[in-house]
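Subject: Structure for your review

Dear colleague,

Please find below the structure that I am handing over to you.

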2 protein chains.
Amino acid sequence: MLTDIEISHNAQLKPITEIAENLGLLPTELVTHGEAKAKVNLSILERLKDSPKGKMVIVTAVTPTPYGEGKTVTSIGLTQGLQKLGFKACACLRQPSMGPIFGIKGGAAGGGYAQVVPMEELNFHLTGDIHAVSSAHNLAAAAIDARLHHEQRLGEKEFKRQSELKPLHIDPQKVLWKRVVDHNDRSLREITVGQGDINGPQHSSSFDITAASELMAILALSKNLQDMRKRIGKVHLALDKFGSPITAEMLGVAGAMTAIMAEAIKPTLMQTLSGAPCFIHAGPFANIAHGNSSIIADNIALGLADIVVTEGGFGSDMGFEKYCNIKVPQAGKVPDAAVLVVTLKALKANGVLVNDSETKSVEHQALESGYENLRWHILNIIQYGIPVVVAINKFATDNDDEIEWLKSKSLQDGAFACEVSEAFAKGDQGAEQLAKEVIKATKEQNKFKTLYDNEMGLEAKLSTLVELGYGASGVELSETAKKQLNEIKLLAYDHLPICMAKTPLSISHNPELKGAPKNFIIPIKEFRLNAGAGFITAIAGNVMTMPGLGVKPAYLNIDVNEEGHIVGVS
Amino acid sequence: MLTDIEISHNAQLKPITEIAENLGLLPTELVTHGEAKAKVNLSILERLKDSPKGKMVIVTAVTPTPYGEGKTVTSIGLTQGLQKLGFKACACLRQPSMGPIFGIKGGAAGGGYAQVVPMEELNFHLTGDIHAVSSAHNLAAAAIDARLHHEQRLGEKEFKRQSELKPLHIDPQKVLWKRVVDHNDRSLREITVGQGDINGPQHSSSFDITAASELMAILALSKNLQDMRKRIGKVHLALDKFGSPITAEMLGVAGAMTAIMAEAIKPTLMQTLSGAPCFIHAGPFANIAHGNSSIIADNIALGLADIVVTEGGFGSDMGFEKYCNIKVPQAGKVPDAAVLVVTLKALKANGVLVNDSETKSVEHQALESGYENLRWHILNIIQYGIPVVVAINKFATDNDDEIEWLKSKSLQDGAFACEVSEAFAKGDQGAEQLAKEVIKATKEQNKFKTLYDNEMGLEAKLSTLVELGYGASGVELSETAKKQLNEIKLLAYDHLPICMAKTPLSISHNPELKGAPKNFIIPIKEFRLNAGAGFITAIAGNVMTMPGLGVKPAYLNIDVNEEGHIVGVS
């Protein structure tokens with residue numbers, strides 16, 4: 001079989017204007033970026049306001065393993081399969097981050113014959129949205145430090161005279177807004193800025209990866225440009241010397257930040273290998289970020305297509321949880337079904353070998369034990385009130401008996417259906433059966449509900465989230481976290497939903513705990529208020545909001561060839 | 001008169017495909033980005049290889065003052081004026097940096113009726129080139145720190161086993177490669193990275209503004225993608241513990257850096273208000289960076305147009321010097337004429353008031369004294385062997401007698417011509433006369449020569465540059481600089497040209513010295529080897545490669561309006 005990038009290069013793409021026309025977009029609603037990408041003007045939101053809405057399917061997965069589960073492959077394959085069945089289907093995916101591309105994971109365009117193409121245009125820059133988020137974010141960081149500098153340097157009176165602005169009295173030790181870069185850069189996790197005689201005040205700081213910026217969550221959750229403008233105005237940049245928040249609006253930088261993101265708010269239309277439409281918008285990293293595609297992209301797709309396939313990052317405890325408890329209440333559109341992606345290999349890696357039987361093979365033991373993880377995710381999705389279709393992302397070497405065993409177990413545990421997907425090797429054809437089951441699932445009566453009510457107190461929401469959402473016994477707050485929780489209450493932000501930044505490698509906060517861990521308590525190191533995005537993040541355990549490059553990073557294999565094509569991205 | 005952004009919004013733009021067709025580009029050579037921008041595929045370089053080449057005009061200015069001289073306005077106006085005379089004219093300008101847009105200067109699209117439009121698309125992101133440079137640059141920074149981290153953490157033997165790579169033994173105190181961001185962010189000038197137990201090794205570092213990245217100079221000076229790939233491989237990232245350089249090639253990151261910049265190497269075509277074509281490529285900041293448009297854009301324009309107008313940043317001691325001594329020898333195409341932009345206001349601000357006469361008005365005294373600066377720039381350009389046309393960027397309030405006086409003085413001092421430009425207020429019409437004089441100048445016999453021969457020793461080149469190029473008596477090297485000069489010699493890079501990062505506010509290194517300073521010695525703090533771009537930079541005086549935001553930054557005025565348009569950019 002050809003490599004992903006070879007398949008992408010060999011693909012006969014349709015002009016993106018044709019993809020757009022087939023989906024029902026008007027030429028005036030498109031801003032083409034080359035032959036294969038187009039941004040969509042938000043004027044369409046008004047046009048589609050009263051149009052009938054399609055069905056919404058959210059794709060999630062079991063707890064990830066180093067082998068990958070193929071969630072994006074399955075999302076794209078399913079969209080292609082639905083299209084093959086004659087439905088007007090559209091995928092809504094997130095823009096890949098450059099961090100994993102040069103780190104370990106590689107690109108995020110799917111793979112095999114279930115790809116968004118051209119994959120290198122998707123993986124590198126796309127139409128610049130992530131760069132715009134970095135730029136807007138870092139302008140605010142520069143602005144807050146510059147204001148600190150000038151107020152300190154000039155003194156209150158002289159600062160007022162020169163600037164004609166009211167002094168903000170920012171506390172240099174309480175700058176909450178970090179900087180961001182879209183790379184895995186470990187050495188920027190803890191830094192000191194403002195050193196030297198004329199660059200101060202000096203203070204500790206940090207860089208996050210751009211996907212984890214509150215602005216990325218704002219991009220995902222905004223309903224239109226004016227909504228984004230308002231949300232950006234609300235972000236908390238720092239505290240003043242009296243402990244009161246300094247927002248982007250107060251610093252006068254919110255307008256400029258919005259201007260930088262004025263193009264980024266328009267979703268980008270691309271196509272899959274079978275010519276199905278696909279909107280790309282907002283960013284990944286559902287462990288440390290919101291990690292879901294945008295409400296705007298969803299709303300456009302729902303207004304044009306019969307069925308929309310979107311994806312929440314990592315397992316159903318991560319992107320799916322944030323989708324259900326944060327995005328759905330803001331979006332207003334509930335999901336009609338969930339697809340839970342699994343591979344035999346991933347389940348076995350999630351298993352814990354137990355030598356309790358001579359008759360069972362080691363492989364089957366691993367599968368049985370790993371199945372506990374799949375069951376947990378099935379039950380997790382069911383508690384949100386929507387039907388769950390288990391999708392087995394099949395490899396050529398998979399054992400048919402094991403697949404049958406898995407199907408029967410899943411159904412027994414309440415899955416609406418369990419179907420194999422061979423989209424990687426066979427494209428749209430390989431996902432037809434899965435597509436049929438998904439269509440059936442979306443016709444079920446919808447009983448979607450969030451895990452908790454936002455009107456509950458913060459502690460109650462947190463307990464509910466960790467107990468129902470992760471199966472934990474409770475939480476343990478650090479002293480810092482306790483203080484922050486009180487501050488959030490004092491600022492009257494306790495009506496916001498609460499989510500977690502934690503390892504995606506376990507349902508718990510501890511990456512070592514495989515399967516379906518029980519009887520654990522989640523330590524919360526700190527809380528971060530996202531006043532503009534509209535949620536609170538609890539930082540669990542030692543999770544870091546800036547990844548690092550590994551010993552053998554993927555950048556070693558990436559280059560341009562003689563024809564000027566990018567090679568070495570998978 | 002309307003504001004710049006109102007004029008830009010009201011403009012009736014032609015489709016960029018029409019601009020391209022008029023210039024002689026083939027549809028297959030274009031990658032359109034919306035209606036008003038298109039990247040140009042480099043396949044065109046092969047097609048134009050043997051075509052006749054147009055004339056080249058470089059626009060420079062007197063020493064800048066807070067009032068601005070209107071160099072970009074004049075470059076665009078001149079292109080429009082040439083077009084009005086019936087010539088196929090094309091401008092080659094640099095992409096604006098976001099630093100000045102949110103800082104003090106504002107946008108860089110020209111102004112009035114001499115603008116590149118749409119100005120907000122030019123000023124914000126354009127087609128993402130500066131973002132790509134930032135991203136490629138910061139990947140290398142992350143890669144070098146990650147390599148340091150893993151080699152130190154694992155030890156030589158275990159690092160080799162896990163990575164299958166040869167250890168590089170980088171000296172953490174000799175990481176030469178900084179990080180970059182396209183903002184004015186003073187607090188990132190001196191920082192410490194790699195703090196905390198698991199993020200090390202800790203070391204001092206710094207951010208430059210992206211325009212000052214060596215990768216931006218490489219973008220400007222590369223002849224094609226493969227040339228850029230080779231140059232990126234050569235950049236020095238660090239020294240190892242034995243003092244030998246670690247290049248991007250040795251770290252295995254040069255291919256990935258090139259992949260990130262694979263689209264950025266294609267120039268972007270836009271249009272002026274009169275529909276003249278304009279290529280935008282590479283970055284500004286001719287004080288601390290190369291600060292000239294790209295050789296690739298120039299070559300495309302020269303192969304298609306009768307006459308090409310490009311711009312070197314700041315006074316003729318800055319961008320123009322780098323253009324003549326670095327870009328021209330690499331490009332192979334010498335300039336046919338120079339345009340030297342001046343305003344009465346700027347000259348007066350460059351003047352020093354002397355109360356030696358009761359009969360002369362204060363204004364005229366300032367003008368006479370300020371004229372010394374203009375004369376210096378006229379003579380400076382003449383020594384490069386090309387005719388210089390002085391362009392007086394005229395304001396409605398300018399005194400006609402003063403203009404006549406300036407004309408006669410300029411001609412007396414050797415200017416080929418001196419003509420008024422009213423492009424700001426009158427567009428193409430306002431620059432017709434100037435265009436006529438420029439055409440005449442390009443027909444003169446071309447005697448272009450660089451200031452020095454690259455085969456001269458480094459010290460000799462440096463002395464020549466400061467004596468002939470700035471009128472200094474000599475240089476004084478710091479101990480660091482002396483050591484660095486020796487290291488550059490040991491590495492056998494002494495054949496490279498040498499240029500200076502210095503204040504643009506004086507011909508000297510001292511911003512206080514107005515007019516045409518004499519008898520000064522330039523202190524050199526350090527040398528930076530740009531092995532990939534192919535030049536050495538001497539850091540003069542206290543110049544900083546990262547600007548800061550002022551007390552009353554321009555971002556305060558920038559916002560999006562109800563219709564989603566960006567407002568407040570000038």
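A helix here is a DSSP run of H or I with at least four residues, a strand is a run of E with at least two, and both are numbered from the N terminus. This is a predicted model, in which local features need pLDDT of at least 70 and side-chain atom pairs count only at pLDDT 80 or more, while totals for chains, interfaces and linings use all residues. Residues are numbered from 1 along each chain as its sequence is written, chains are lettered from A and ligands numbered from 1 in the order in which they are written, and side-chain values use heavy atoms, with hydrogens and water left out.

I begin with helix α20 of chain B, where B:Gln484 is found. B:Gln484 has a relative accessible area of 18% and is therefore buried; buried means under 20% relative accessible area, exposed over 50%, and partly exposed in between, with a 1.4 Å probe and protein chains only. Not counting residues up to four places away in sequence, B:Gln484 touches B:Glu526 and B:Phe527, where contact means heavy atoms within 4.5 Å.

Helix α20 of chain B spans residues 479-490 and also holds B:Ile488. B:Ile488 counts as buried because its relative accessibility is 4%. Among its contacts beyond four places in sequence are B:Leu458, B:Phe527 and B:Ile536. B:Leu458 lies 30 residues from B:Ile488 in sequence, and their C-alpha atoms are 9.2 Å apart.

Helix α11 (residues 254-260) contains B:Ala254, which is buried at 1% relative accessibility. B:Ala254 touches B:Arg229, B:Ile232, B:Gly233, B:Ala248 and B:Glu249, leaving out residues up to four places away in sequence. B:Ala254 and B:Arg229 are 25 residues apart in sequence, with 7.0 Å between their C-alpha atoms. Helix α12 (residues 295-304) is mostly covered, as nine of its ten residues are buried; B:Asp298 is one of them.

I turn next to the nonpolar cores. A nonpolar core is a set of buried Ala, Val, Leu, Ile, Met, Phe, Trp, Tyr and Cys residues joined through side-chain atoms within 4.5 Å. The largest has 154 residues, and those touching the most other members are A:Leu25, A:Val253, A:Phe279, A:Leu374, A:Met500, A:Phe527 and B:Phe102. Helix α7 (residues 129-163) of chain A gives the largest share of this core, twelve residues. A second, separate core has 153 residues, including B:Leu48 and B:Ile170.

Which helix of chain A packs with helix α4 (residues 71-84) at an angle of about 80°? The partner is helix α18 (residues 432-442) of chain A, and the two axes are 8 Å apart. Axes are lines fitted to C-alpha atoms, for helices over the stretch in contact, and angles run from 0 to 180 degrees between N-to-C directions. α4(A) is therefore roughly perpendicular to α18(A); that label covers 65 to 115 degrees, whereas under 35 is roughly parallel, over 145 roughly antiparallel and the rest oblique. Residues making this contact include A:Leu78 of α4(A) and A:Val438 of α18(A).

Finally, chain A is divided into domain 1 (4-128 + 264-442), domain 2 (129-260) and domain 3 (458-540), with bounds from an automatic or database domain assignment. The centres of domains 2 and 3 of chain A, taken over C-alpha atoms, are 25 Å apart. Eleven residues of domain 2 are in contact with nine residues of domain 3 in chain A.

Yours sincerely
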